[in-house]
Amino acid sequence: RWIKFEEKVEDGGVRWSAPHVPALPLHSLFQLRTCLQKGTMLLDLDALSFKEIIDKALSEQPEEAELRPELRGRLAALLLCQPRHQTTKSLLRLLAELALSPCQGRHSTQPWLLHPECPAAASLSFQLRNQFKKKVPPGAEAAHIAVGEVEFLEKPFTAFIRLRRGVALGSLAEVSLPSRFLFILLGPRAKVKAYHEVGRAMATLLTDELFQRVARQAEHREDIIAGMEAFLDELTVLPPGKWDPSARIPPPSCLPSSHRRTTTHPSDRQLHGDGDTSAAGDRAGLGHPRSGEELERTGRLFGGLLRDIRRKAPWYGSDFSDALHPQCLSAVLYIYLATVTNAITFGGMLGDATANMQGVLENFLGTAFAGSIFCLFSGQPLTILSSTGPVLVFERLLFSFSQDHSLDYLEFRLWIGLWVAFFGVVLVATEASHLVRYFTRFTEEGFCALISLIFIYDSLKKMRSLADTFPINWQYRLDNVTSYSCTCNLSSPAPAPGRVGEGLGGPQVSGHDPSSPPALSLQHPATLAGLSRTQCLAQGGHLLGTSCQYVPDVTLLSFLLFGVTFLSCTAFKRFRSSRYFPAAVRKLVSDFAIILTILASCAIDATLGLETPKLLVPSELK
């Protein structure tokens, strides 16, 4: 029997051992997987008695394992025999019961043999007197495992049954508990030890908290197999000859939580095999749409919201205190940079699309306000908080519609926001969030792929536009440096009496006409020589010379920083599995990979001093 840990009958069958960690032969788990793949499997069976369960199990056999009608009758009669439970009794009580009991069946050393002569009332009264129930935690359900050899069977009979609801099956259990799972393995003689070990493997699986969750939620046979594969992924094998199999491993003083088990090595827990098995693992994993009561409807207005608040309240404070950890700091900095850069980038694009009616500052403040409220109230995780490509497309179309129909864009936008808020309240009041249970990974990853592709496209488009703004100097030749010059000409574009000559000492004026207005501004050659390109164009002048179109290699440097940032970030992320430096250093570098890469790239850009394009952050609130 199992209550978290295994207990065995010992001392000649008169008492139970102390609980211990079960040690299973690896081959028994593989045999159990074969039994689950090829045997009878009934999920969510509606039955109220053990006889009804056995009849269903025998009638729903796969064709390749179907028994002859006469064998099915004998097998049903055997399974319906009254069980004899192992109890802990004193020697005096055993002698008294042997002498006084009117029912003295054949005694056997094989615990799976059943006693058809004993009435059910005796076992039921035994259930009431059994003190073992004090060990059973409240709300527990029973799982029954029957294994053994039968002389009239030529091939094994296997059945795994899950009842739709817990049902009391009379004296089948050692104590009076509702039963939910049943596993039966009966086969020909000479393999009793193998059957016994397969039964122990099944019992160990059913006492595993994660497999229990999978078994309760499974909809198909593949889900059960996938849950078992996940169990095998965590299995630790002890080599033969290096330990004593008869030694019992005592239970640990502290067990790892199921949440820690599911988040420790998610990449190692992926199921191997074809796509069907992987899909079954997705359905049977902890992220299954039917994974909890939080997605069940209460039938009351705002009932789901109130239940969410009650469930979240005990953990609200720890959500903040648990975040005070160095590893969380890297995530906080990463999300901050990702959110800020996204808000500023899309804010600039939004300003271009809406004639600056909405711009960087509006997008920045909106993201900050919505994100803060969302996090403080523990919002639904699938919600996308910041501006994305679809939002930008919507705003561009809305602005164009407003212009075409002479509508006030900001007023129109306000009413759209109010209607969205109204529909959000209606959805919360009617508990429409329970529809999330029908979302698959395809839905989630489809949205992720869309947003990721939009970001990738926008980043490449931005880099490509740099080549137009800052063209690369393909025609530059180092040997021709003496012929490159650019000066500011403030004279009228039309031919003037005077001619402006170009030289290293500044403009030289010849043939000056006193009535010519521009001549007054040409009396100070030093001032003209110091004019910048912007000042020259602002005063109505134009640039003359072969190097006037020269720009620094901003585009080339930007592409280098672009590639170096991405490749360095990827390399730092993988640095955790490197052979260099101690594990603590590797972990620190991996956790802060994105932050380190961004800071290093910014430092390189600042050191070189080129005027690469930067995100324009507003310096004032307006």
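Predicted model: local features only at pLDDT ≥ 70, side-chain atom pairs only at ≥ 80, totals over all residues.
Helix α8 comprises residues 221-233, a run of 13 residues. From the first C-alpha to the last, α8 reaches 19 Å, close to the 18 Å expected at 1.5 Å a residue. The buried residues of α8 are Asp 223, Ile 224, Ile 225, Ala 226, Gly 227, Met 228, Glu 229, Phe 231 and Leu 232.

Helix α3 spans residues 69-79, and its buried residues are Leu 71, Leu 75, Ala 76 and Leu 79. These residues lie on the same side of α3, because the arc they cover around the axis is only 135°. The elements that cover the buried residues of α3 include the helix α2 (50-59) as well as β7 (157-168) and β8 (178-187).

Asp 44, a residue other than glycine, has a phi near 60°. Asp 44 belongs to strand β5, which covers residues 40-45. The relative accessibility of Asp 44 is 26%, so Asp 44 counts as partly exposed.

Ala 355 is likewise not a glycine, and its phi is positive at about 55°. Ala 355 is placed in the loop between α13 (326-353) and α14 (360-376). With a relative accessibility of 53%, Ala 355 counts as exposed, because the term applies to values over 50%.

Terms used
Residues numbered from 1 in each chain as written. Heavy atoms only, no water. Helix = DSSP H or I, 4+ residues; strand = E, 2+ residues; numbered from the N terminus. Expected span 1.5 Å × (residues − 1). Buried < 20%, exposed > 50% of the residue type's maximum accessible area, 1.4 Å probe, protein only. Arc of directions from axis to C-beta. Contact = heavy atoms within 4.5 Å.
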